[in-house]
Amino acid sequence: MEILNTRDMLVIINPLDNTIVASKCANIIVGAGYEYRWADGVQIKKPIEVSAPKYVEYLMDWIETQLDDESLFPQRLGAPFPSNFKDVVKTIFKRLFRVYAHIYHSHFQKIVSLKEEAHLNTCFKHFILFTHEFGLIDKKELAPLQEIIESIIVPY
């Protein structure tokens, strides 16, 4: 279930990330005190400051690499998942959350002007309910959108 939904989250967020890709944000800042830097742990080991569009580009490429790696996401029926599977999935979702947080903090008015806020809110609700159900994002990581998240989770 987590594999399917990890792929689904990419499909859902891709149209939304176009808002960021088209932006000229110098970095990926979310409110006061949250700036996200990029590191993939392989080619970029020390986190670097990148523009928001570059962060999304790096993220989507990195996620695709993770999903295509059969040692992490086995394709054969009955093949075992690695012991670090949940950690990999948690990292993917944590980084996807950062894109949502940036969209809400820096691009929400643009989303509204395009009349896409219902789509954004529905996608984010699906994302949060899924990550909450499977414990995929630590609570401290969710702080930038805590008020919105509480309005989603409390009713359930």
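Reader: At roughly what angle do the axes of α3 and α5 cross?
Author: This is a predicted model. In it, the axes of helix α3 (residues 85-106) and helix α5 (residues 117-134) cross at roughly 150° and come within 11 Å.

Reader: Are they roughly parallel or antiparallel to each other?
Author: Angles over 145 degrees count as roughly antiparallel, and α3 and α5 are therefore roughly antiparallel to each other. Their crossing is left-handed.

Reader: Which residues make the contact?
Author: From α3, the contact uses Lys86, Phe93, Leu96, Phe97, Tyr100, Ile103 and Tyr104. From α5, the residues include Leu120, Cys123, Phe124, Phe127, Ile128, Phe130 and Phe134, with Asn121 and Thr131 also taking part.

Reader: How many of those residues are nonpolar, polar and charged?
Author: The contact of α3 with α5 has 13 nonpolar residues, 2 polar and 1 charged.

Reader: What about α2 and α3, how do they pack?
Author: Helix α2 (residues 52-68) packs with α3 at an angle of about 155°, and the two axes are 11 Å apart. That angle makes α2 roughly antiparallel to α3. The crossing of α2 and α3 is left-handed.

Reader: Which residues in α2 meet which in α3?
Author: On the α2 side they are Ala52, Tyr55, Val56, Leu59, Met60, Trp62, Ile63 and Gln66. In α3 they meet Val88, Thr91, Ile92, Arg95, Leu96, Arg98, Val99 and His102. Taken by class, the contact of α2 with α3 consists of 11 nonpolar, 3 polar and 2 charged residues. Leu96 of α3 belongs to this contact and also to the contact with α5.

Reader: Let me go back to α5. Where do its axis and that of α6 come in terms of distance and angle?
Author: The axes of α5 and helix α6 (residues 146-153) come within 10 Å and cross at roughly 75°. That makes α5 roughly perpendicular to α6.

Reader: And what makes that contact?
Author: Phe124, Lys125, Ile128, Leu129 and His132 of α5 contact Ile148, Ile149, Ile152 and Ile153 of α6. By class, there are 7 nonpolar residues, 1 polar and 1 charged.

Reader: Changing topic: what is the volume of the largest pocket?
Author: The largest pocket has a volume of about 230 Å³.

Reader: Which residues line it?
Author: The lining of the largest pocket is formed by Trp38, Asp40, Val42, Gln43, Ile44, Tyr58, Asp61, Trp62, Thr65 and Gln66. These lining residues divide into 5 nonpolar, 3 polar and 2 charged. Trp62 and Gln66 line this pocket, and both also take part in the contact of α2 with α3.

Terms used: Residues numbered from 1 in each chain as written. Predicted model: local features only at pLDDT ≥ 70, side-chain atom pairs only at ≥ 80, totals over all residues. Heavy atoms only, no water. Axes fitted to C-alpha atoms, helices over the stretch in contact; angles between N-to-C directions. Helix = DSSP H or I, 4+ residues; strand = E, 2+ residues; numbered from the N terminus. Parallel < 35°, antiparallel > 145°, perpendicular 65-115°, else oblique. Left-handed = near helix turned anticlockwise from the far one by under 90°. Contact = heavy atoms within 4.5 Å. Nonpolar A, V, L, I, M, F, W, Y, C, P; charged D, E, K, R; others polar. 1 Å grid on protein atoms, 1.4 Å probe; cavity = no way out; pocket = protein on both sides within 12 Å on 5 of 7 lines; lining within 4 Å. Points joined across faces, edges and corners; volume = space filled by probe spheres on them.
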